[in-house]
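Please keep the sequence and the model in view while reading.

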Amino acid sequence: MRFGYALAAMMLAGGCFAEDADEGAALYLDYCATCHGLDLDGQGPMAGVLTIKPDGLRMLASGNDGTFPVERVVKRIDGRDPLVSHGSPMPVYGDFFEGFDVALKTSSGQPIMTSKPVSDLVAYLKSVQQ
């Protein structure tokens, strides 16, 4: 019976782990804007020294037939799809994005697991698409 209560409590608590675009915006400013720019245009102050220039991040959905590429973005941020642009895989700050795992729904409907901070960054990036 205790298992049933624990399961119910976990399900009810799930709402508190929803994506938080405001938290994602703060994380973006702290960890991403240096390369990707305050305007998410790929023109941050460090962009000039990178071997591979950072992408502008406001057009990710439009460059993907109008669908935000959740799986590609998650894997790039959390390091599963490394991008070696400055001598080490992107992101340089990957360890800072570790934490409680959450599931995000991809365009195929399949979930992808990632940390809460990455989930928040994804929520922010979704919110700024043009």
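Contact here means heavy atoms within 4.5 Å. Helices are DSSP runs (H or I, at least four residues), as strands are (E, at least two), and both are numbered from the N terminus. The model is a predicted one, in which local features need pLDDT of at least 70 and side-chain atom pairs count only at pLDDT 80 or more, while totals for chains, interfaces and linings use all residues. Residues are numbered from 1 along each chain as its sequence is written, and side-chain values use heavy atoms, with hydrogens and water left out.

A residue is called buried under 20% relative accessible area, exposed over 50%, and partly exposed in between (1.4 Å probe, protein chains only). Gly24, Leu27 and Tyr28 of α2 are buried. Because they span an arc of only 105° around the axis, they lie on the same side of α2; the arc is that of the directions from the helix axis to the C-beta atoms. Asp22, Leu29 and Asp30 are exposed on the other side of α2. The cover over the buried residues of α2 includes α3 and α5. At the N-terminal end, Asp20 caps α2, with a side-chain oxygen 3.0 Å from the backbone nitrogen of Asp22.

Tyr28 leads on to the core. A nonpolar core is a set of buried Ala, Val, Leu, Ile, Met, Phe, Trp, Tyr and Cys residues joined through side-chain atoms within 4.5 Å. The largest one has 22 residues, and Tyr28, Phe68 and Leu125 have the most contacts inside it. Two or more of its residues come from each of α2 (21-31), α4 (70-78) and α5 (116-127), with α5 giving the largest share, five residues. Leaving aside residues up to four places away in sequence, Phe68 touches Leu60, Ala61, Val73, Val122, Leu125, Lys126 and Gln129.

The structure holds zero disulfides. Cys32 is buried at 15% relative accessibility, whereas Cys35 is partly exposed at 21%.

His36 is found in helix α3 (residues 33-36) and counts as buried at 16% relative accessibility. A polar atom of the His36 side chain lies 2.9 Å from the backbone oxygen of Asp55. Beyond four places in sequence, the residues that His36 touches include Tyr28, Asp41, Pro54 and Leu57.

Conventions. A disulfide is a pair of cysteine sulfur atoms within 2.5 Å. A polar contact is a pair of N or O atoms within 3.5 Å; within protein, one must be able to donate a hydrogen and the other to accept it, and residues adjacent in sequence count only if both atoms are side-chain atoms.
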